Amino acid sequence: MSSDSLADAEPLIFTETICAGVEFSVRPDRVLFAGHTGLQAIHIFDHAVLGRVLALDHVVQTTESDEFIYHEMLVHVPMLWHGSARSVLVIGGGDGGTLREVLRHPVERAVMVELDADVVKYCRAHLPTLSAGAFDDRRTELVFGDGADYVRETPYRFDAIIIDSTDPIGPGKVLFEAEFFRACQACLNPGGVLVNQNGTPAFMPTALAASAAALRQVFAHTGFYYVPVPTYVSGVMALGWASDRSDLARVQPDILAARQDALGLACRWYSPAVHQAALAEPPALRALHTRDCGT
């Protein structure tokens, strides 16, 4: 880790340009860590409203104030749909929040593939509430490397693949292409499910449509559900799902509730009712990813 002094590395304000003329800014109250991993700038800071915050390349990635919304919905929707997932692959998610929620299920093996080992290192040190011990769980296997390479090369098979990646633009775009999804499909056990994040449809409609088209090329059944995460500008994130199992998205709320109760899974955001509501697509959002297939 090559690190600058906090005085040199700390910007007065973190500003993300969402699109032309639209920006989101956060001013830290106290910077806890600032430096560069060799792959990206990393800052961890405190904010009076957002709590502790992780920023990569000066863009806010997650905050203590609302991370549970994103992580609970990213994980519990596919896991409770499946009902008996024992092996799970997480791609990305270096802060540990996704892994934390996965390990609340009776999984036997959870592999997490993260490109930047320093993100895990410094989140463990300065954002321990997100991982909550998940990195030390005996079921966890940490792999530091490229997620696309991993799914092409691994001999292991999984019941669920959860992709907690960067947005579908720039270097992370490969994780939203048909070739990658095809490799993921080959890693899934029969009846397995894949879930990925697809950014904010209000500002990334083209990326959402491209991701949807790529998923449809590979999987028999695909769709999206929507999650309100205030820190991610526009307030609504699109999460994609894909499977070759025909009944996956038709699991009834009473079955979801029974599965949740059996696990003693107390959540701050997820519930079977919220799960079902997230699947209800407004026509304008559905049109973003179905216009190319005439549905």
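These legends accompany several close-up views of a predicted model. Residues are numbered from 1 along each chain as its sequence is written, and side-chain values use heavy atoms, with hydrogens and water left out. Because the model is predicted, local features need pLDDT of at least 70 and side-chain atom pairs count only at pLDDT 80 or more, while totals for chains, interfaces and linings use all residues.

View 1. His 76 is buried, with a relative accessible area of 0% (buried means under 20%, exposed over 50%, partly exposed in between, for a 1.4 Å probe and protein chains only). Its side chain makes a polar contact of 2.6 Å with that of Glu 101 (a pair of N or O atoms within 3.5 Å; within protein, one must be able to donate a hydrogen and the other to accept it, and residues adjacent in sequence count only if both atoms are side-chain atoms). Leaving aside neighbours within four places in sequence, the contacts of His 76 (heavy atoms within 4.5 Å) include Arg 104, Leu 265 and Tyr 270.

**View 2. The largest nonpolar core.** A nonpolar core is a set of buried Ala, Val, Leu, Ile, Met, Phe, Trp, Tyr and Cys residues joined through side-chain atoms within 4.5 Å. Of the 39 residues in the largest one, Met 73, Val 88, Val 102 and Tyr 225 touch the most other members. Helix α2 gives the most to this core, with 10 residues. Beyond four places in sequence, Met 73 is in contact with residues including Tyr 225, Leu 239 and Trp 269.

**View 3. The four-stranded open sheet.** The order of this open sheet of 4 strands is β3-β4-β5-β6, with antiparallel pairing (two strands pair if DSSP finds at least two bridges between them). At the edges are β3 (30-36) and β6 (59-63), each pairing on one side only. Strands β4 (residues 41-47) and β5 (residues 51-56) are joined by 6 bridges, and Ile 44 has Leu 54 in β5 as its bridge partner.

**View 4. The hairpin of β1 and β2.** Strands β1 (residues 14-19) and β2 (residues 22-26) pair in the antiparallel sense over 5 bridges. Cys 19 stands opposite Val 22 in β2. The hairpin has 2 residues between the strands, and Gly 21 takes a positive phi near 85 degrees.
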